[in-house]
Amino acid sequence: MSSQPFMWLFSGMNNQYTRREVFCRNTCHDLKRFWEREIGKQTYYRESEEHRLGRSALRKLREEWKQKLETKLRLRNNPEDTEKRTNVG
């Protein structure tokens, strides 16, 4: 036997198989790394977009208008409650 212990396992095999195995191993690692980067980029873009929307004045304006509309609806539906509040306060 030779000084390399596992070379005798591959001595009868064609070299293209061992090269393909190494090629596949490297390709799989590269594909995994590629998709991990892509997922990282998409996560970053999504988080930055959420942050941008959180700082947006549009969300605040919508919330203010929603509160104003709810107040008007309450006044319209229960006018007696508003009169009691104004008389008490």
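Arg-33 and Asp-30 join their side chains in a salt bridge, with N and O 2.5 Å apart. The term salt bridge is used here for a side-chain nitrogen of Lys or Arg within 4 Å of a carboxyl oxygen of Asp or Glu. Because Arg-33 and Asp-30 are three residues apart in helix α2, about one helical turn separates them. Arg-33 is partly exposed, at 36% relative accessible area, and Asp-30 is partly exposed too, at 38%. In these terms, buried means under 20% relative accessible area, exposed means over 50%, and partly exposed lies in between (1.4 Å probe, protein chains only).

## About the model

This is a predicted model, in which local features need pLDDT of at least 70 and side-chain atom pairs count only at pLDDT 80 or more, while totals for chains, interfaces and linings use all residues. Residues are numbered from 1 along each chain as its sequence is written, and side-chain values use heavy atoms, with hydrogens and water left out.

The predictor's confidence in each residue is called pLDDT and runs from 0 to 100. Its mean for the protein is 76, and 62% of the residues reach 70 or more. Confidence is lowest in helix α1 (residues 7-10), with a mean of 50, and highest in α3, with a mean of 91.

## The overall layout

Four helices and zero strands make up the secondary structure of the protein. Read from the N terminus, the order is α-α-α-α. Helices (H or I, at least four residues) and strands (E, at least two) are DSSP runs, numbered from the N terminus.

The protein has 89 residues, and buried ones make up 0% of them. Its accessible surface is about 9,000 Å², and carbon and sulfur atoms account for 56% of that. Accessible areas come from the Shrake-Rupley method with a 1.4 Å probe, and for residues only the protein chains shown count as cover.

The whole structure holds five salt bridges. One of these links the side chains of Glu-38 and Lys-41, at 3.4 Å from N to O. Glu-38 and Lys-41 are three residues apart in helix α2, so about one helical turn lies between them. Glu-38 is partly exposed at 23% relative accessibility, and Lys-41 is partly exposed at 41%.

Arg-46 forms a salt bridge with Glu-50, and their closest N and O atoms are 3.4 Å apart. Arg-46 and Glu-50 sit four residues apart in helix α2, about one turn of the helix. Arg-46 is partly exposed, with a relative accessible area of 46%, and so is Glu-50, with 48%.

## A nonpolar patch

Leu-31, Phe-34, Trp-35 and Ile-39 form a nonpolar patch on the surface, and together they have about 440 Å² of accessible area. Patches are made of residues with over 30% relative accessible area and no salt bridge; like charges are joined within 9 Å, and nonpolar side chains (Val, Leu, Ile, Met, Phe, Trp, Tyr) within 5 Å. Phe-34 belongs to helix α2 (residues 15-55). Phe-34 counts as partly exposed because its relative accessibility is 38%.

## Helix α3 and its cap

Helix α3 (residues 57-77) has 21 residues and reaches 30 Å from its first C-alpha to its last, close to the 30 Å expected at 1.5 Å a residue. That expected span is 1.5 Å times one less than the number of residues in a helix.

Which residue caps the N-terminal end of α3? Ser-56 does, with a side-chain oxygen 3.1 Å from the backbone nitrogen of Leu-58.

Terms used. A polar contact is a pair of N or O atoms within 3.5 Å; within protein, one must be able to donate a hydrogen and the other to accept it, and residues adjacent in sequence count only if both atoms are side-chain atoms.
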